[in-house]
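This briefing sets out selected features of the structure shown below, grouped by topic. It covers helix packing, sheets and individual backbone sites.

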Amino acid sequence: MRTRNLVGLLVIALSGLINPKVAAAQLPPELRKEMWSAEWITSPDAAQRDQSVLHLRKVVELARRPQHFLVQVSADNQFILYVNQQCVGLGPSRSDLGHWRYETYDLGPFLGSGKNVLAAVVWNFGVLTPLGQISDRTAFVLHGESEAERVADTDQTWEVEEEKGIRALPTPDEIRRHYYVAEPAERIDGTVFNWDWNSADSSSGGRWKQAQSIGHATPLGAVLQENNWQLVPDPLPPMQIVLTSAGQVVRSTGIDLPSSFPDNAFAVPAHTKATVLIDNSHLTTAYPELTVTDGRGATVRLTYAEALIDDKGEKGNRNEITGKHIQGIFDEFVPDGAANRIFVPLGWKTWRYLQLDIETSDQALRIEKLRTWFTAYPFEELGHFESDDDSLKPIWEIGWRTARLDAHDTYMDTPYYERMQYIGDTRIQALLSYVVSGDDRLARQAIQAFNDSRIPEGITRSRYPSSLRQIIPTFSLLWVGMVHDFWMYRADSDFVRAQLAGTRSVLDWFLQRQRADGLLMKIPWWPFADWGKDFDFGIPPNDNDGGSSVITLQFVEALRYAAEMESALGDNTRAALYRRAAERAAQAVYKLCWNQQDRLLADTPAQKHYSQHANILGVWLDVIPRERQKDVLTKILSVSDAGYAATGPLPPLTQATYYFRFYLARALDHAGMGDQYLQLLEPWRKMVSLGLTTWAEQPEPTRSDSHAWSAHPNYDFLTIVAGIRPATPAFATVLLAPHLGSLKHLSAAVPSPKGMIEVEYTVEHFWVKAVAILPPGVSGELLWDGETSILHEGKQELRLRLRSTASRLASAKF
């Protein structure tokens, strides 16, 4: 009987290759229930795997207004859902075909008795689709959750039309050469666009046709699939969309502008070319909304830029506009001559500066208004940091803005150029999310996405989701650290345990490449570490047979973290294996790469090249003995690329960029030099002086003006300066280890799974008054000047003896 059932299912599966609907009908009832009653639908005429924009709709008649009406909705690539001309939501959040997201909406508040119009716009920009968007083909699905809602299911009772008025345009060469792979430029031609497609009285004739079904929708794990999307619920909340100021006009040509624009109207005469430059005052991620009247035959181009550039292509001070021009991605709108036409691109854009280039034909154009709809992941700023040093306030504010703009339905390296979720960036972004917002949903998404991205060889992709495979093996090691970070800060051991198969796969790949002497062999693909000035495309030096101390030390970090997780949640045998491998690697780095004359770690056993990176990791991981750590950090922080230091000539050292200074801060704290942390902030103070409103990717000249890997000072302020950190997994106990440096007062708070952890430190002559408030069920310790005080839940006050500021800062000057 069992064999007969298996043969029957095989016959059904084979028939599904020929006719999926026939196969579905032959499935046993209990298996048919796995499939949704709704079908994926598309246009019978439009290209399914090339550029297309579709409108879809269905009229649903209801005897009475329902209190609730639950539906699941998804699309490839993206959708905006309307009910009775009201926007319900947009999505889905990006993922891969094996974990395709759907959104759940309650349409009850939007419905009424009688006729109701369900409508959606769905788009796919084909080869111009952003690189972070995985796709199969253009399609839409809406599924009623229960029998009462099945009347809304997508099938051939829906209508579809192809919208010919919206097209994506190729990215200009001068933008694409900076590795621009985000949303393409859009051209919305109002003379072709169907303005009535979503109106209540829209005709059923014209371009509307019966939708084409391409098979039932199926959740992940179903026996039979009729298409490539395996559906899973979206774990993320809706993105925030809120109306904000559109900025102010700072320059115009060709017309006289009223000072009240962009809130109020101005006119552009016929046969006129005009430009209007608007400064938003800070970088934003938003949907621009332009309303116009008349102007048939005119063209309005909106160009978006993080900063203006001069004739040499240099940005300089971001607040200065004299002698500079705009260059960036753009959208084009073509008015049809009607009144109050509203143009909004399908994809949000990133800008501080927005320029309108207007060229009219025979009819004057009236620009009614420009509005800005800010959008980002809905993080709330629960954590805080305030001190008596006012110069730290903009660093905090700019850091949090950077974190916000680089977080949407995934974390993003840059919201302007790539919008890609890279592991190296995301690890820092997730930590910021934990300590400032306490919201771990986007981090969970990222951790799971990277696990799902693993290739057959065992390691993760460097970024995911992405339609182009890229492998950075060192980022796989950082992903192991990212899982450990989650384990320490968030209370979900089951989620961490579910990642261990992935961490094992990653570390098995690296263990196979550990040499007999303990160092790693030369690593294939792109073993990026940092954009160091003389690192070859970000790759630290290797000898002919490998032996990179930087990469081996990253391997040590991952092994130690994995051993801790395996001991607590997994396999003790594996934990022991990892510890032995880590010890072999650590001993090899010190034995083969330590230069006794210079008293520094070299980048390889050949000892021909040195970097801050190797020594930062060597200190942080205790590969360099404790008694030498302060001396090493003092040297590497006083040496220049040319090899000159306050302590005398040293070999040239590759300097850590903004990104890797995250690990420098960890090393400084580990070596007992946390009171010197505030001295590391000079690069961020310089960015403030240059008018940046988000943190740059690299020191000048930088491509991107917004890179969240540079926002780690917010994390450092809370965990090093205020000293709030988890002592045990899930933040079950807390360690307060403040490093005030020259500060006289600070207050800070960090959200934990059990509530807010709050601290306040005030210098009073030779004492520090410390106030700590721990949430219910949380205890811990306060570490100050080598002495430990026990902390309990609730509020407590302590008096801490203060060494002089000079003595606290004397151990290192750089």
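In this predicted model, helix H12 (residues 612-620) packs against helix H13 (residues 626-638) with an axis separation of 10 Å and an angle of about 155°. Angles over 145 degrees count as roughly antiparallel, so H12 is roughly antiparallel to H13. The points below begin with this pair and then turn to other parts of the chain.

**Helices H12 and H13**

- The crossing in which H12 passes H13 is left-handed.
- On the H12 side, the contact is made by Gln-612, Asn-615, Ile-616 and Val-619; on the H13 side, Gln-629, Val-632, Leu-633, Ile-636 and Leu-637 take part.
- Sorted by class, the contact of H12 with H13 comprises six nonpolar and three polar residues, with no charged residues.
- Which residues of H13 are buried? They are Gln-629, Val-632, Leu-633, Thr-634, Lys-635, Ile-636 and Leu-637.
- The cover over the buried residues of H13 includes H12 and helix H14 (661-670), together with strand E26 (594-595), strand E27 (600-601) and strand E29 (653-654).

**Helices H8 and H10**

- Helix H8 (residues 473-489) and helix H10 (residues 549-569) cross at roughly 35°, and their axes come within 9 Å.
- H8 passes H10 in a crossing that is left-handed.
- H8 contributes Thr-474, Leu-477, Leu-478, Val-480, Gly-481, Val-483, His-484 and Trp-487 to the contact.
- From H10, the residues that meet H8 are Ile-551, Gln-554, Phe-555, Glu-557, Ala-558, Tyr-561, Ala-562, Glu-564, Met-565, Ala-568 and Leu-569.
- By class, the contact of H8 with H10 holds 13 nonpolar, four polar and two charged residues.

**The six-stranded sheet**

- Strands in the order E5-E4-E7-E2-E9-E12 form an open sheet of six strands, in which the pairing is antiparallel.
- Strand E4 (residues 78-83) pairs with E5 in the antiparallel sense over five bridges.
- Val-83 stands opposite Gln-86 in E5.

**The five-stranded sheet**

- Another open sheet has five strands in the order E25-E32-E33-E34-E37, with antiparallel pairing.
- Strand E25 (384-387) and strand E37 (794-801) stand at its edges. Because each has a single partner strand, one side of each lacks a neighbour in the sheet.
- On average, and with direction ignored, neighbouring strands of this sheet are turned by 10° against each other.
- Seven bridges join strand E33 (residues 755-764) and strand E34 (residues 767-774), which pair in the antiparallel sense.
- Thr-762 stands opposite Lys-769 in E34.

**Cis peptide bonds**

- The peptide bond that joins Tyr-464 and Pro-465 is cis, with omega about 0°.
- Pro-465 is located in the loop between helix H7 (441-452) and H8.
- A cis peptide bond also runs from Glu-700 to Pro-701, and its omega is near -5°.
- Pro-701 lies in the loop between helix H15 (682-689) and helix H16 (713-721).

**Positive phi in residues other than glycine**

- Asp-294, a residue other than glycine, has a positive phi near 65°. Its place is in strand E19 (residues 273-294).
- Is Asp-294 buried or partly exposed? Asp-294 has a relative accessible area of 30% and is partly exposed.
- Ala-730 also has a positive phi, near 65°. This residue lies in the loop between strand E30 (724-726) and strand E31 (733-736).
- Ala-730 is partly exposed, its relative accessible area being 24%.

- Gly-295 belongs to the loop between E19 and strand E20 (299-305).
- Gly-295 counts as buried because its relative accessibility is 0%, and buried means under 20%.
- Gly-295 and Ala-270 are 25 residues apart along the chain, and their C-alpha atoms are separated by 7.9 Å.
- Apart from neighbours within four places in sequence, Gly-295 is in contact with Pro-335, Gly-337, Gln-363, Ala-364 and Leu-365.

Technical notes
Residues numbered from 1 in each chain as written. Predicted model: local features only at pLDDT ≥ 70, side-chain atom pairs only at ≥ 80, totals over all residues. Heavy atoms only, no water. Pairing = 2+ DSSP bridges. Helix = DSSP H or I, 4+ residues; strand = E, 2+ residues; numbered from the N terminus. Axes fitted to C-alpha atoms, helices over the stretch in contact; angles between N-to-C directions. Parallel < 35°, antiparallel > 145°, perpendicular 65-115°, else oblique. Left-handed = near helix turned anticlockwise from the far one by under 90°. Contact = heavy atoms within 4.5 Å. Nonpolar A, V, L, I, M, F, W, Y, C, P; charged D, E, K, R; others polar. Buried < 20%, exposed > 50% of the residue type's maximum accessible area, 1.4 Å probe, protein only.
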